[in-house]
Number of protein chains: 2
Amino acid sequence: MKQRDVMVREVGLRDGLQIHPTFMPTDRKIAWIEAEAAAGVPEIEVTSYVPPKLIPQFADAEEVTRRALSVPGLTVSALIPNSKGAGRGFALGVHKLNFVMSVSRTHNLKNVRREREESVADFRRIVESARARPEGGRPIVVGGLSTALGCSYEGRVPVADVVRYALQLAEAGADEIVVADTVGYADPAQVRTVFKAVMAEIGALPVAAHFHDTRGTGLANVGAALECGVRRFDASLAGLGGCPFAPGATGNIVMDDLCFMLDSMGLRTGVDLEQLLRVRSIVRESLPDIAMQGALARAGLPRNYVRAEERCAA
Amino acid sequence: MKQRDVMVREVGLRDGLQIHPTFMPTDRKIAWIEAEAAAGVPEIEVTSYVPPKLIPQFADAEEVTRRALSVPGLTVSALIPNSKGAGRGFALGVHKLNFVMSVSRTHNLKNVRREREESVADFRRIVESARARPEGGRPIVVGGLSTALGCSYEGRVPVADVVRYALQLAEAGADEIVVADTVGYADPAQVRTVFKAVMAEIGALPVAAHFHDTRGTGLANVGAALECGVRRFDASLAGLGGCPFAPGATGNIVMDDLCFMLDSMGLRTGVDLEQLLRVRSIVRESLPDIAMQGALARAGLPRNYVRAEERCAA
């Protein structure tokens with residue numbers, strides 16, 4: 001078993017691909033999942049259980065999940081917007097369900113077409129259904145809060161609202177809370193304020209951070225979250241993703257750069273950096289028109305670089 | 001007089017242009033300086049007093065300095081590698097001389113062709129010459145430490161070496177110390193270690209940070225330096241620059257993104273973000289082949305964004 005100080009989760013197959021117009025063939029998705037798991041990434045959000053009519057990219061959600069579940073040692077998670085999605089996840093035996101609702105009312109109405117209170121109530125039902133399942137078939141249920149650091153419709157989002165919904169999801173029985181800067185508005189000072197407030201309120205429940213690098217502050221926000229004690233981070237290989245409302249904007253923070261920064265700080269991720277960089281070619285060959293980011297991929301590792309794992313062992 | 005919580009210094013005309021093969025016409029340099037000063041940037045490193053044979057880009061150093069000195073309110077600084085460069089600065093009446101030496105022995109030998117002790121001795125002479133000048137014509141003398149967070153020849157650089165040379169430059173009479181991650185190796189943990197150690201040793205002398213974004217950690221390093229109390233940062237518009245040893249690598253941290261992050265954190269820089277973004281077109285039109293970075297330029301300001309200045313005034 002690998003020693004990990006920080007858990008990174010790949011979300012490129014979901015957050016990165018969902019707005020991309022070209023369908024990535026299922027075999028290529030699986031190749032990507034297998035290669036990234038082999039590079040040491042412990043968890044991958046492999047798809048989203050939404051109607052294929054809404055997002056054709058996820059028409060193969062069932063097959064992707066089934067095949068990902070056969071990758072040794074990998075935690076397979078999927079996004080769900082509601083009970084219906086959860087049902088699909090239960091049936092497939094996925095390890096982890098990432099429920100998502102928005103802290104901003106407007107964004108929640110646009111994204112999942114209901115009031116935030118309805119989302120919370122639905123989440124409560126999902127947790128109950130999960131708990132009613134037999135021990136071995138009980139997925140981990142994650143409560144995710146989108147637009148927790150800003151909303152492209154409403155602008156700034158009150159910290160009190162983030163704390164309120166985090167607490168409601170925690171009380172409903174979430175195994176983990178994800179606080180997400182969906183549109184890349186956050187700065188390190190705000191990250192400290194919001195994460196400290198949420199973590200003070202929900203106690204020992206693990207909190208994960210989901211940052212976008214839309215305005216260049218992504219890794220700075222990781223730095224601030226680390227100081228608050230956050231040890232779980234979402235990212236996408238090559239920073240895949242973007243925002244339909246900001247052409248050319250980068251997507252999630254770049255997994256390769258995140259792993260480098262953490263490793264350089266002496267925090268073990270379990271990820272082999274060179275091997276991770278090689279996974280980029282799978283994406284490049286499969287989707288030649290997708291925008292790929294990444295500073296480490298351009299510059300390479302520092303001279304005489306010593307991995308965190310080796311430094312810890314020394 | 002503008003209220004500023006953080007002082008940003010534009011170094012693109014020096015660090016950004018020095019490796020670029022195309023000469024930027026003097027008039028365009030001046031247009032850039034004037035526009036960026038008008039956007040509120042308080043200090044610009046406008047050139048380098050090195051032999052034009054070595055870096056033809058700075059063949060117009062005298063004219064650029066003279067014309068920059070006529071820009072109202074702007075602090076005009078220039079890089080100097082030695083006493084000879086300092087002499088040119090004295091003659092021109094430049095406001096600030098940024099002396100540079102490398103903490104790494106190999107880098108100092110390659111870059112300024114002498115031992116580190118010779119650099120320190122030369123710096124001492126420069127400070128003495130500056131102090132011997134009449135009050136009005138006495139420039140601020142800055143002691144800069146290159147490769148303080150890593151060296152492309154030697155790899156990791158011992159913290160004790162950084163502290164030793166920082167102390168020697170301070171004792172020699174520096175008005176400010178610049179700690180530079182010349183090759184973009186730093187991570188936030190290392191930044192905290194190095195800056196805390198330097199600041200503990202040199203007392204109240206101001207310390208500035210000079211980061212490159214070569215591996216994506218630039219703004220995260222700014223976040224870490226801010227926590228240590230650093231309030232002076234170098235950056236280049238559009239992240240101009242790069243490294244001759246890392247093709248495609250980005251250069252300095254992006255001034256536009258730095259100013260956005262600081263402003264978003266509630267730290268006043270005196271810079272008008274929209275006006276700063278418009279300065280990019282001067283660079284784009286003058287040097288169509290230069291690589292320009294910048295997340296804010298792609299994504300724009302967050303919705304309903306309120307500037308730090310207005311928040312402070314409210």
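**Figure 1. Overall form of chain A in the predicted model.** Chain A contains 13 helices and eight strands. Its radius of gyration is 18 Å, close to the 20 Å that the globule rule gives for 314 residues, so chain A is as compact as a globular protein of that length. The C-alpha trace of chain A spans about 55 × 40 × 40 Å along its principal axes. Of the 314 residues, 55% count as buried. Among the contacts in chain A between residues at least 6 apart in sequence, 72% join residues at least 24 apart. The predictor's confidence is given by a mean pLDDT of 95 for chain A, with 97% of its residues reaching 70 or more. The model as a whole scores ipTM 0.94 and pTM 0.96.

Figure 2. In general, two copies of a chain are related by a rotation about an axis and a shift along it.

**Figure 3. The side of chain A that touches chain B.** The contact takes 38 residues from chain A and 38 residues from chain B. Four elements of chain A give two or more residues to this side: helix 8 (188–202), helix 9 (218–228), helix 10 (255–264) and helix 12 (295–299). The largest share, five residues, comes from helix 9 of chain A. Sorted by class, the side of chain A that touches chain B has 17 nonpolar, 14 polar and seven charged residues.

**Figure 4. Helix 9 of chain A and the residue that follows.** Is helix 9 of chain A mostly covered or mostly open? The helix is mostly covered, with nine of its 11 residues buried. Among these buried residues are Gly218(A), Leu219(A), Ala220(A), Asn221(A) and Val222(A). Gly229(A) follows helix 9 of chain A and has a positive phi, near 100°.

**Figure 5. Strand 5 of chain B and its two partners.** Strand 5 covers residues 140–146 of chain B, and six of its seven residues are buried, so the strand is largely enclosed by the rest of the structure. Strand 4 (residues 96–102) of chain B runs parallel to strand 5 and is joined to it by seven bridges. Within this pair, Lys96(B) has Ile140(B) as its bridge partner. Strand 6 (residues 176–181) of chain B also runs parallel to strand 5, and four bridges join the two. Here the bridge partner of Val142(B) is Glu176(B).

**Figure 6. Strand 1 of chain B and its pairing.** Strand 1 (residues 7–10) and strand 8 (residues 232–235) of chain B run parallel and are joined by four bridges. Arg9(B) stands opposite Asp234(B) in strand 8. Strand 1 of chain B also pairs in the parallel sense with strand 2 (residues 43–48), over two bridges. In strand 2, the bridge partner of Arg9(B) is Glu43(B).

**Figure 7. Two residues of chain B with positive phi.** Most residues other than glycine have a negative phi. In Arg113(B), which is not a glycine, phi is positive, near 55°. Arg113(B) is placed in the loop between helix 5 (105–112) and helix 6 (116–132) of chain B. This residue is exposed, with 10 other C-beta atoms within 10 Å, because a residue with 12 or fewer such neighbours counts as exposed. Thr147(B), also not a glycine, has a positive phi of about 50°. The loop between strand 5 and helix 7 (159–172) of chain B holds Thr147(B). With 26 C-beta neighbours inside 10 Å, Thr147(B) counts as buried, because 20 or more are enough for that class.

**Figure 8. Ala314(A) after helix 13.** Ala314(A) lies in the segment after helix 13 (308–313) of chain A. With 6 C-beta neighbours inside 10 Å, Ala314(A) counts as exposed. Its C-alpha atom is separated by 29 Å from that of Glu10(A), which is 304 residues apart from Ala314(A) along the chain.

How values were computed:
Residues numbered from 1 in each chain as written. Chains lettered and ligands numbered in written order. Predicted model: local features only at pLDDT ≥ 70, side-chain atom pairs only at ≥ 80, totals over all residues. Rg over C-alpha atoms; globule rule 2.2 N^0.38 Å. Contact = placed C-beta atoms within 7 Å. Nonpolar A, V, L, I, M, F, W, Y, C, P; charged D, E, K, R; others polar. pLDDT = per-residue confidence, 0-100. Pairing = 2+ DSSP bridges.
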